[in-house]
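Q: Please take a close look at one part of this structure, beginning with a single residue and its surroundings. Please continue from there to the aromatic rings.

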Amino acid sequence: MTMMQRWKNRKRSHFPLLGFILLVFIACSVLFSERTILIIEKNPSDSPPERTFTYINPNLEPTSDSVQELDRFSRCNTTGEYSGKKIRWVGLEPESGGSRRKRESLERCDVFSGKWVFDDESYPLYNESDCPYMSDQLACHKHGRSDLGYQHWRWQPHNCNLKRWNAIEMWEKLRGKRLMFVGDSLNRGQWISMICLLQSVIPAEKRSITPNSQLTIFKAENYNATIEFLWAPLLVDSNSDDPVNHRLDERIIRPDSVLKHSAKWEWSDQENASCEELDGLGAMELVMQTWADRLASKSKYLDKQIFFVTMSPTHLWSREWKAGSEGNCYDEKAPIDNEGYWGSGSDLPTMRMVENVLRKLGTRVSVINVTQLSEYRKDGHPSIYRKFWETLPPEQLANPPSYSDCIHWCLPGVPDVWNELLFHFL
């Protein structure tokens, strides 16, 4: 779960920027796997340009050359209790009547309220084996899943219909623009889904993919467009920003790392690399306020289309949808048919906090609410049908639920519907 972080090294030199569409996703799946998050405090006298907080590795001499960005080797010199300091938001103008009416007209058709309908004529929208950009972690059929029903479910809103997917029309919407997915591995899954949905109509010699560590770019030359993924799992500068080595016992964030002017922090004058310890919900609130304040205070975002995709749920406890059971998503073959179902895989307090932050942004951000519709899809996860990077011990192999992935999603599958929703609103 995740979003803006080190923009100073992304000068857009790789592509003429005629337009920009930013798809942003919430980082809850990572933040809330942690009990606490550590916040780097600043030293007012040592802050480098365009950086409010600095971090100096404890084993380095505190010279000007030793100021480092957070990475997986970063540690805190000292850690104290969270001071409770918040970001001061800039003033936001009330929504105009026109903007309010536009938003209300969109809400008349609630495409997020509906049910899953089995449709083996129109779905899947692409074949797993036909997408050369498919991830081994999401290619469930390739890795042994024989029941393919998970590929044939279509999301049907109650009182209206989703716009029918059309790859050519989507490329026309993207002509001369960048579509950027920003987040963690769940966002990467949605990015891969989008590429698989779109790549087949682009001649092989007109498409390319350029891996670049944190930023990966798929380019369609005949549309002068790119579909990009930026790895930023905690939204702001953190020690988890390495897309490969990011699993750490101690998460550290620099919560104002995307701010430049408007938000101000009132920190005490302490040494570099001092940290404050904060629970996951509090850390998420700081991150969301940082991101929202950035959008509200910079006029350059007014001509961008920005979408916020809500939390992707997990299915770790089968007793939540089947009383008395003690499994998880393993061997699940059909969606939950209890409309209005909520499990622990959706963190409702976090969702309320996010809703409050987004409400202040008004029409600056369009929300794509995938949470409850994805809650129904306990059958859509990779479970044991994925690539493993190490050999599992016999005792674990004998207990499939113990190594089932009930967080990510098989492709084709649920993330394709998230992208259909994006297409619907563009």
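A: L70 counts as buried because its relative accessibility is 2%; buried means under 20% relative accessible area, exposed over 50%, and partly exposed in between, with a 1.4 Å probe and protein chains only. The model is predicted, so local features need pLDDT of at least 70 and side-chain atom pairs count only at pLDDT 80 or more, while totals for chains, interfaces and linings use all residues. Residues are numbered from 1 along each chain as its sequence is written, and side-chain values use heavy atoms, with hydrogens and water left out.

L70 is found in the loop between strand 4 (67–68) and strand 5 (78–81); helices (H or I, at least four residues) and strands (E, at least two) are DSSP runs numbered from the N terminus.

Turning to the rings, a search of the whole structure finds 13 aromatic pairs. Rings of Phe, Tyr and Trp (its six-membered ring) pair if their centres lie within 6.5 Å; planes under 30 degrees apart count as stacked, over 60 as edge-to-face and the rest as tilted. One of the pairs is W171 with Y223, which is stacked at 5.5 Å centre to centre and 15° between the planes. W171 belongs to helix 3 (residues 167–174) and Y223 to the loop between strand 10 (215–220) and strand 11 (225–231), 52 residues apart. Both W171 and Y223 are buried. Together with Y133 and F218, W171 and Y223 form one aromatic cluster.
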